[in-house]
Amino acid sequence: MPIFEYLCKGCGKRFEAIVMGSNQAECPSCHGKKLEQQLSVFAVAGGKTQSAPSFDSAPSPCGSCGHPGGPGSCSFEN
């Protein structure tokens, strides 16, 4: 079952959802359906083996803000 990451355009909540078949995801906070699918760090696929990225070049755990204080430093509410 695919797990997708979304950003709700209505309330700004970031969340993950399992979406099966023709079902549409819904925001767990406001039940909105205006969602923006986010690029999942773990959704990277490739045909050849690659070495793991170094700590300095790895994406932050919260996604994409790139706060200069490092992972977990931003005040974005998940």
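Partly exposed means a relative accessible area between the buried range, under 20%, and the exposed range, over 50%. K33 is partly exposed, because its relative accessible area is 43%. Keep that scale in mind while reading this predicted model.

Start with the charged pairs. The structure holds two salt bridges. One of them joins K9 to E36. Their closest N and O atoms are 3.1 Å apart. K9 sits in the loop between β1 (3-8) and β2 (14-18), while E36 belongs to strand β3 (residues 35-38). The pair therefore ties together parts that are 27 residues apart in sequence. The two partners can also be placed on the accessibility scale. K9 is exposed, with a relative accessible area of 57%. E36 is partly exposed, at 34%.

K33 brings us to another salt bridge. Its partner is E26. Here the closest N and O atoms are 3.6 Å apart. E26 counts as partly exposed, since its relative accessibility is 35%. K33 is partly exposed too, at 43%.

Return now to strand β3. A polar atom of the Q38 side chain lies 3.2 Å from the backbone oxygen of E36. Is Q38 buried or exposed? Q38 counts as buried, because its relative accessibility is 16% and the cut-off for buried is under 20%. Which residues does Q38 contact, leaving aside its neighbours within four places in sequence? They are E5, Y6, L7 and R14.

Next comes the loop between β2 and β3. H31 has its place there. Its backbone stands out for one angle: phi of H31 is near 65 degrees, a positive value in a residue other than glycine. Most residues other than glycine have a negative phi.

M20 is found in the loop between β2 and β3 as well. M20 is partly exposed, with a relative accessible area of 45%. Together with I3 and I18, M20 makes a nonpolar surface patch. The area of this patch is about 310 Å².

Note on methods: Residues are numbered from 1 along each chain as its sequence is written. This is a predicted model: local features need pLDDT of at least 70, side-chain atom pairs count only at pLDDT 80 or more; totals for chains, interfaces and linings use all residues. Side-chain values use heavy atoms; hydrogens and water are left out. A salt bridge is a side-chain nitrogen of Lys or Arg within 4 Å of a carboxyl oxygen of Asp or Glu. Helices (H or I, at least four residues) and strands (E, at least two) are DSSP runs, numbered from the N terminus. Buried means under 20% relative accessible area, exposed over 50%, partly exposed in between (1.4 Å probe, protein chains only). A polar contact is a pair of N or O atoms within 3.5 Å; within protein, one must be able to donate a hydrogen and the other to accept it, and residues adjacent in sequence count only if both atoms are side-chain atoms. Contact means heavy atoms within 4.5 Å. Patches are made of residues with over 30% relative accessible area and no salt bridge: like charges are joined within 9 Å, nonpolar side chains (Val, Leu, Ile, Met, Phe, Trp, Tyr) within 5 Å. Accessible areas come from the Shrake-Rupley method with a 1.4 Å probe; for residues, only the protein chains shown count as cover.
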